[in-house]
Amino acid sequence: MFEGLVHQLLLGYLGRYFKDIQKRQLKIRLEEVLLENVELILEAFDYLQLPFALKQGRVGRLSIKIPWKKPWDPIIIILEDVFISASKRNDQEWSADAVEKREFAGKKAKLAAAELGKLSRRVSGGLAGQSFISHVTAKIIDSIQVDIRNFHVLYSDVQNDLGHISFGLKFSNLTMKQNLVG
């Protein structure tokens, strides 16, 4: 029953980024939720308005560590064995409709980020909103840390006169966290 609830929550929050999250991929421990071998939904990243096309993406392991015993500690999200394959956009992807769709996704993402930033500033400035829930939500979001391990990016392109060009980047660790003083 608890697994079903966590599965539904993950689908609600991560379902737009990951394809077909199955219960069998989900492992729940006391302070950790694990999701293994999930494929990315490439269209979910249109809001980034990248000048290249994402062709494939997967995450080997997604771990969410929730400090139930110490709620003031940060929630830590760890993505491991991340693989992204990219290439030059084809001519269809530069059509007016496709560009407009990516621009609209970008505007929606900027609006969502601005709303989240406004909520965060209200809480950190002591001007918490109407409810306790909005205050707690902002505190939780502010404390999230993201750690990406073994992140691979492969870019491939076919040049008519030069043949096939490929290059890749590998990051062993990328960490994102808010640096709070005091």
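## Close-up views of the predicted model

View 1. With a relative accessible area of 27%, Asn150 counts as partly exposed (buried is under 20%, exposed over 50% and partly exposed in between, with a 1.4 Å probe and protein chains only). The model is predicted: local features need pLDDT of at least 70 and side-chain atom pairs pLDDT 80 or more, while totals for chains, interfaces and linings use all residues. Numbering starts from 1 along each chain as its sequence is written, and side-chain values use heavy atoms, leaving out hydrogens and water. Asn150 is found in strand E5 (helices, H or I of at least four residues, and strands, E of at least two, are DSSP runs numbered from the N terminus). The phi angle of Asn150 is near 55 degrees, a positive value in a residue other than glycine. Most residues other than glycine have a negative phi.

**View 2. Asp81 in strand E4.** Asp81 takes its place in strand E4. Its phi angle is near 55 degrees, and this is a positive value in a residue other than glycine. Asp81 has a relative accessible area of 37%, so it is partly exposed.

**View 3. The open sheet of six strands.** Three helices and six strands make up the secondary structure of the protein chain. Read from the N terminus, the elements follow the order α-β-β-β-β-α-α-β-β. The six strands form an open sheet in the order E1-E2-E3-E4-E5-E6, with mixed pairing (two strands pair if DSSP finds at least two bridges between them). The edge strands of this sheet are E1 (26–29) and E6 (163–176), each of which pairs on one side only. Of the 182 residues in the protein chain, 30% are buried. Among contacts between residues at least 6 apart in sequence, 53% join residues at least 24 apart (a contact is heavy atoms within 4.5 Å).

**View 4. Strand E3 beside strand E2.** Strand E2 covers residues 32–39 and strand E3 covers residues 52–65. The two strands run antiparallel and are joined by seven bridges. In this pairing, Val33 stands opposite Ile64 in E3.

**View 5. Strand E3 beside strand E4.** Strand E4 spans residues 76–88 and pairs with E3 in the antiparallel sense. Twelve bridges connect E3 and E4. Two facing positions can be located along this pairing: Ser63 stands opposite Ile78 in E4, and Gln56 stands opposite Ser85 in E4.

**View 6. The aromatic cluster of Phe52, Tyr155 and Phe167.** These three residues form one aromatic cluster. Rings of Phe, Tyr and Trp (its six-membered ring) pair if their centres lie within 6.5 Å; planes under 30 degrees apart are stacked, over 60 edge-to-face and the rest tilted. By this rule, the count comes to three aromatic pairs. One of them is the pair of Phe52 and Tyr155, which is edge-to-face, at 6.5 Å centre to centre and with 85 degrees between the planes. Phe52 belongs to strand E3 and Tyr155 to strand E5 (residues 145–159), so this pair ties together parts that are 103 residues apart in sequence. Phe52 is partly exposed, at 27% relative accessibility. Tyr155 is likewise partly exposed, at 21% relative accessibility. The ring centres of Tyr155 and Phe167 lie 5.4 Å apart with the planes at 35 degrees, so this pair is tilted. It links distant parts of the chain, with Tyr155 in strand E5 and Phe167 in strand E6, twelve residues apart. Phe167 is partly exposed, and its relative accessible area is 48%.

**View 7. Ser156 and the residues it touches.** Ser156 lies in strand E5. The relative accessible area of Ser156 is 17%, so this residue is buried. Leaving aside residues up to four places away in sequence, Ser156 touches Ala86, Ser87 and Lys88, together with His164, Ile165 and Ser166. The side chains of Ser156 and Ser166 make a polar contact at 3.2 Å (a pair of N or O atoms within 3.5 Å; within protein, one must be able to donate a hydrogen and the other to accept it, and residues adjacent in sequence count only if both atoms are side-chain atoms).
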